[in-house]
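Subject: Structure for you to look at

Hello,

Here is the structure I said I would pass on. Please open it beside this email and find each residue as you read.

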Amino acid sequence: MHTVIAIDGPAASGKSTVARQIAEHLGYTYVNTGAMYRAVTWWLLEKGVDTSDAAAVEKAVRQARVECRIEKGETIFRLDGVDPMPHVRDARVNDKVSQVASVPYVREVLVSKQQSLAGHADLVMEGRDIGTVVFPKAHSKFFIDADPVVRAKRRQGQGEADVIAKRDKIDSSRKTSPLTRAADAYLIDSSTLSIEEVVSRALEHLSKSS
Ligand code: CDP
């Protein structure tokens, strides 16, 4: 088992950028688990599966060949041999991803793939349930939060149509592994901080706790 740093938080809290920079700084592999839920969502939409029908989602995902591995320090994710990553920020994916991520079977499959990555490299893994479910014994845990108005503005500034309040509501209220802060996660509120400030606070915390 390699070292895992878990970073969780709501949509557009800045956790992806922060996680990527911490991974670069430490020489760890960066893993974006949200991209995996997005990839499955895109794949289902391409197949014409009704994402509001949990049974249909489960049936389709049971038949999929899901590959997830690390190659040359990068996470490789394929569904039936296809790379969905060019499509994962599509507006239709933003709209449906939380619905798909609330299906227990989807989570079961992806969580087990995510856990297996720690057998191969030191990781900085970001998502919604990394510190609570995927790696409850992670070496370090962070919860990056920000005011909802600030987060909505950030996402708008990225030029994406993304109703993050709707996703946050579904993510926080779903039955299987809802978005919550692990009791032992170090909270950083990024509302008034730059990315550099968040990264330096996180690195400072890591150096104190190691
Ligand atoms: O980057 P952004 O904050 O927009 O979201 P993301 O990290 O790409 O995650 C997209 C969606 O995937 C979330 O809204 C959740 O519904 C789901 N997700 C999840 O359920 N569990 C994770 N570990 C990561 C993402």
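Below is what turned up in the side chains.

Please keep in mind that this is a predicted model.

Start with the nonpolar residues. In soluble globular proteins, nonpolar side chains tend to be buried together. Here the largest nonpolar core has 40 residues. Val-40, Leu-44, Phe-77 and Val-106 have the most contacts inside this core. Helix H2, residues 33-46, supplies eight residues, the largest share of the core. Leaving aside residues up to four places away in sequence, Val-40 touches Val-61, Phe-77, Leu-79, Val-100, Val-106 and Leu-110. Another core lies apart from this one and has 17 residues, including Ile-7, Ala-19, Ala-202 and Leu-206.

Next, the aromatic rings. A search of the whole structure gives one aromatic pair. The pair is formed by Phe-142 and Tyr-186, with ring centres 6.0 Å apart. Their planes stand at 85°, and an angle over 60 degrees counts as edge-to-face, so this pair is edge-to-face. Phe-142 belongs to strand E6 (residues 140-145) and Tyr-186 to strand E7 (residues 186-189), so the pair ties together parts that are 44 residues apart in sequence.

Are the two partners buried or exposed? Phe-142 has a relative accessible area of 1%, so Phe-142 is buried. Tyr-186 has a relative accessible area of 32%, so Tyr-186 is partly exposed.

One last item concerns a charge and a ring. The charged end of Arg-62 sits over the ring of Tyr-105, at 4.1 Å from the ring centre.

Regards

Key: Residues are numbered from 1 along each chain as its sequence is written. This is a predicted model: local features need pLDDT of at least 70, side-chain atom pairs count only at pLDDT 80 or more; totals for chains, interfaces and linings use all residues. Side-chain values use heavy atoms; hydrogens and water are left out. A nonpolar core is a set of buried Ala, Val, Leu, Ile, Met, Phe, Trp, Tyr and Cys residues joined through side-chain atoms within 4.5 Å. Buried means under 20% relative accessible area, exposed over 50%, partly exposed in between (1.4 Å probe, protein chains only). Helices (H or I, at least four residues) and strands (E, at least two) are DSSP runs, numbered from the N terminus. Contact means heavy atoms within 4.5 Å. Rings of Phe, Tyr and Trp (its six-membered ring) pair if their centres lie within 6.5 Å; planes under 30 degrees apart count as stacked, over 60 as edge-to-face and the rest as tilted. A charge sits over a ring if NZ of Lys or CZ of Arg is within 6 Å of the ring centre and within 35 degrees of the ring normal.
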